[in-house]
Amino acid sequence: MKQIGVGVIALGWMGRLHSRGFRQVAERYPELGVDARLVAAADPVPANREAARGLGFERAVEDYREVLADPQIEAVSICAPNFLHHEIAMAAVGAGKHFWIEKPMGVNAAQSREIAQAAAAAGLVTAAGFNYRHQPAVEHARDLVCGGRLGRVTNARVWLIADYASSPEGPHTWRYVRAQAGAGVVGDLLSHGIDLAQYLLGSRITEVTAMTDTFITTRPVPLGVGVGHSAV
């Protein structure tokens, strides 16, 4: 069985999910003949680095550049906050590392385009975090649509149910700062809906009309670092 050295950059909520996923590759996809070796994780938060050993990593470092410089690592997951994606992804391209990057890739379209073009020019294998398209039900629905069994599809309606930002008691973190989060809920959730619609129907959206609003205008100042959607 081939072993691939993997690094995870940022061990918050999403980074820990990626880490657990890598550990299950050989069991869930035996036909690939591949096993992921968790070589190193990077995170500036001490508590997250301490969690690395329990997740199966051989070591944990503070600076993500150490992960990218490690010759034993072939691929990395970029799970840092949105405003760090562009910097880390471009560094990964420079280091010749294949990568999975959480969406949105950048805080704006220009950053995302630069990442995509640089990775393609370097011949790297990459993926953005549109994980819902890999659900068996979604794959089956795509087969039905693309096979013509549903006839001509003229409308698609997508509901994404998420409540992490629904409470006004939720702390004010980087997710609610446009310069750091980018497009906010549009990039976090609507992007999944757009990706699913295009993936299922096999066509590209060419025109968009939208209405947005901010429903919670004030939030409490966070008391600590936190993990997941409440991370500072």
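Visitor: Where does helix 9 bend?
Guide: Helix 9 bends at Ser191, by about 40°. A bend is the angle between two fitted axes, one for the seven residues ending at a residue and one for the seven starting there. Helices here are DSSP runs of H or I with at least four residues, strands are E runs with at least two, and numbering starts at the N terminus.

Visitor: What kind of model is this?
Guide: A predicted one, where local features need pLDDT of at least 70, side-chain atom pairs count only at pLDDT 80 or more, and totals for chains, interfaces and linings use all residues. Residues are numbered from 1 along each chain as its sequence is written, and side-chain values use heavy atoms, with hydrogens and water left out.

Visitor: Back to helix 9. How many residues does it have?
Guide: Helix 9 has 17 residues, 185–201. From first C-alpha to last it reaches 23 Å, close to the 24 Å expected at 1.5 Å a residue. The expected span is 1.5 Å times one less than the number of residues.

Visitor: Which of its residues are buried?
Guide: Among them are Leu189, Ser191, His192 and Tyr199. Buried means under 20% relative accessible area, exposed means over 50%, and partly exposed is in between (1.4 Å probe, protein chains only). So Ser191 is both the site of the bend and a buried residue.

Visitor: What covers them?
Guide: The cover includes helix 5 (82–95) and helix 7 (136–146).

Visitor: And what follows helix 9?
Guide: Gly202, with a positive phi near 70°.

Visitor: New topic. How many disulfides are there?
Guide: Zero, in a search of the whole structure. A disulfide here is a pair of cysteine sulfur atoms within 2.5 Å.

Visitor: Is Cys79 buried or exposed?
Guide: Cys79 counts as buried because its relative accessibility is 11%. Cys146 has 48%, so it counts as partly exposed.

Visitor: Where does Val107 lie?
Guide: In the loop between strand 5 (98–101) and helix 6 (109–121). Val107 is partly exposed, at 21% relative accessible area.

Visitor: What is Val107 in contact with?
Guide: Leaving aside neighbours within four places in sequence, its contacts include Asn82, Phe83 and Gln180. Contact means heavy atoms within 4.5 Å. Val107 and Arg178 are 71 residues apart in sequence, yet 8.3 Å apart in space, C-alpha to C-alpha.

Visitor: How many helices and strands does the protein chain have?
Guide: Nine helices and six strands. Of its 232 residues, 34% count as buried.
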